[in-house]
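Please read them beside the sequence and the structure.

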Amino acid sequence: KGKKGATGLNQFGDDFMEGCAELYRLAIGGAENCGSCIKRSAYPIKEQLLQGYDSARQTTNPNADARTARGDFSTAPTFEQSGASDR
């Protein structure tokens, strides 16, 4: 552009390369915007899923502190041996 002695073919090559560069910049910018949107959308969904999983796991398999608090270990275990009178 504006070069002395530039032929029509050189001008076309320059314009074509500038067009390719602009398409590349637009594609990269669009991909970055798409990626950031997915990150902002997916993170809260992932957190909700993990919170639900943790809640279900805690309900079905509580830790020892939770079982102690609800009284699961309040009595001492007793053991009986079957067949003791046979000896």
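Which residue forms a salt bridge with Arg25?

1. Arg25 pairs with Glu22, and their closest N and O atoms are 2.7 Å apart. A salt bridge here is a side-chain nitrogen of Lys or Arg within 4 Å of a carboxyl oxygen of Asp or Glu. The model is predicted, so local features need pLDDT of at least 70 and side-chain atom pairs count only at pLDDT 80 or more, while totals for chains, interfaces and linings use all residues. Residues are numbered from 1 along each chain as its sequence is written, and side-chain values use heavy atoms, with hydrogens and water left out.

2. Arg25 and Glu22 are three residues apart in helix H1, so about one helical turn separates them. Helices are DSSP runs (H or I, at least four residues), numbered from the N terminus. Glu22 is partly exposed at 36% relative accessibility; buried means under 20% relative accessible area, exposed over 50%, and partly exposed in between (1.4 Å probe, protein chains only).

3. The structure holds three salt bridges. One of them joins Glu47 and Lys46 at 3.3 Å, N to O. Glu47 is partly exposed at 32%, and Lys46 is partly exposed at 41%.

4. Arg57 forms a salt bridge with Asp54, with the closest N and O atoms 4.0 Å apart. Both lie in helix H1, three residues apart, about one turn of the helix. Relative accessibility is 47% for Arg57 and 43% for Asp54.

5. Phe16 lies in helix H1, which covers residues 8–60, and is partly exposed at 47%.

Definitions and conventions
Helix = DSSP H or I, 4+ residues; strand = E, 2+ residues; numbered from the N terminus.
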